[in-house]
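Hi,

Here is the structure I promised to pass along.

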Amino acid sequence: MGCVSSKKKLSKSDLEFLEENTEFTKDQIIEWYEGFILDCPNGELTKKKFIQVYRQFFPNGQAEAFCTHIFRTFDADNSGKIDFKEFLMAINITAKGNPEKKLKWAFKMYDIDSNGSIDRQEMLKIIESIYDLLGAGGSQNASNGMNSSRDPDDTPESRTSQIFAVMDEDKNGVITEEEFIRGCMSDRVLYQMLTADTSDPDR
């Protein structure tokens, strides 16, 4: 209990904001905050620390590239650090958000230059980082739809082409947010891969 500095308390306004804008209860928010401050005593999470934490969840893969993309999406004010409010808002979407909210968040991650659409190079960069993250050569990931019946032709390039064939409805070489959400909502394997969400609601 004494580990948490009494100087670092969650402000009343931040607590109220998070209660209104996330699905966490007041007690859960305070619990998350205490853990956050233990890991980040100055109240900010750097990209380096973020990668260290994330790497624990994917010990068989390379987390750096994917984490860089996720960090950029979490860092709402582009400060280069994530404060607790940004952190919990992002956790809320990735852990508790409904599929459409998750996809809107994922779209922001794929839209690297933030111009409102995803081109092939942007998609390829993220797909490559997901393959690195999951250690895509390994059979240990066969349960996630992405690597089931994995073969040598299943490359980030071929996957990107496949995604564009499904999602780029008007064939103009870019995917809009609407196309992205529709494509993922109609294809569970795509949804699971593009949100890095391996849960299967039917199992």
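Helices (H or I, at least four residues) and strands (E, at least two) are DSSP runs, numbered from the N terminus.

Some housekeeping: this is a predicted model, where local features need pLDDT of at least 70 and side-chain atom pairs count only at pLDDT 80 or more, while totals for chains, interfaces and linings use all residues. Residues are numbered from 1 along each chain as its sequence is written, and side-chain values use heavy atoms, with hydrogens and water left out.

Let me start with helix 2 and helix 5. From helix 2 come Ile29, Trp32, Tyr33 and Phe36, and they meet Phe84, Phe87, Leu88 and Ile91 in helix 5. That contact divides into 8 nonpolar, no polar and no charged residues (Ala, Val, Leu, Ile, Met, Phe, Trp, Tyr, Cys and Pro count as nonpolar, Asp, Glu, Lys and Arg as charged, and the others, Gly among them, as polar). The axes of helix 2 and helix 5 (residues 84-96) come within 11 Å and cross at roughly 125°; axes are lines fitted to C-alpha atoms, for helices over the stretch in contact, and angles run from 0 to 180 degrees between N-to-C directions. That makes helix 2 oblique to helix 5 (under 35 degrees is roughly parallel, over 145 roughly antiparallel, 65 to 115 roughly perpendicular, and the rest oblique).

There are 11 aromatic pairs in the structure, counting rings of Phe, Tyr and Trp (its six-membered ring) with centres within 6.5 Å; planes under 30 degrees apart are stacked, over 60 edge-to-face and the rest tilted. In one of them, the rings of tyrosine 33 and phenylalanine 84 have centres 5.0 Å apart and planes at 80°, so the pair is edge-to-face. Tyrosine 33 lies in helix 2 and phenylalanine 84 in helix 5, so this pair ties together parts that are 51 residues apart in sequence.

Helix 2 (residues 26-39) also packs with helix 1 (residues 12-21), at about 120° and with the axes 10 Å apart. Here Leu15, Leu18 and Glu19 of helix 1 touch Lys26, Ile29 and Ile30 of helix 2. The residues in this contact are 4 nonpolar, no polar and 2 charged.

Next, helix 3 (residues 47-55) and helix 4 (residues 64-74) pack at about 120°, their axes 10 Å apart. That makes helix 3 oblique to helix 4. Among the residues making the contact are Phe50, Ile51 and Tyr54 of helix 3 and Phe66, Ile70 and Phe71 of helix 4. By type, the contact of helix 3 with helix 4 has 8 nonpolar, 1 polar and 3 charged residues.

As for the record, UniProt (unreviewed entry) places "domain: EF-hand" at residues 62-97, 98-133 and 155-190; the positions are in the numbering used here, feature names are shortened, and annotations may be inferred rather than shown by experiment. Residues 62-97 are 67% helix and 8% strand, with end C-alpha atoms 26 Å apart. For residues 98-133 the figures are 72% helix, 8% strand and 24 Å between the end C-alpha atoms.

Cheers

Key
Contact = heavy atoms within 4.5 Å.
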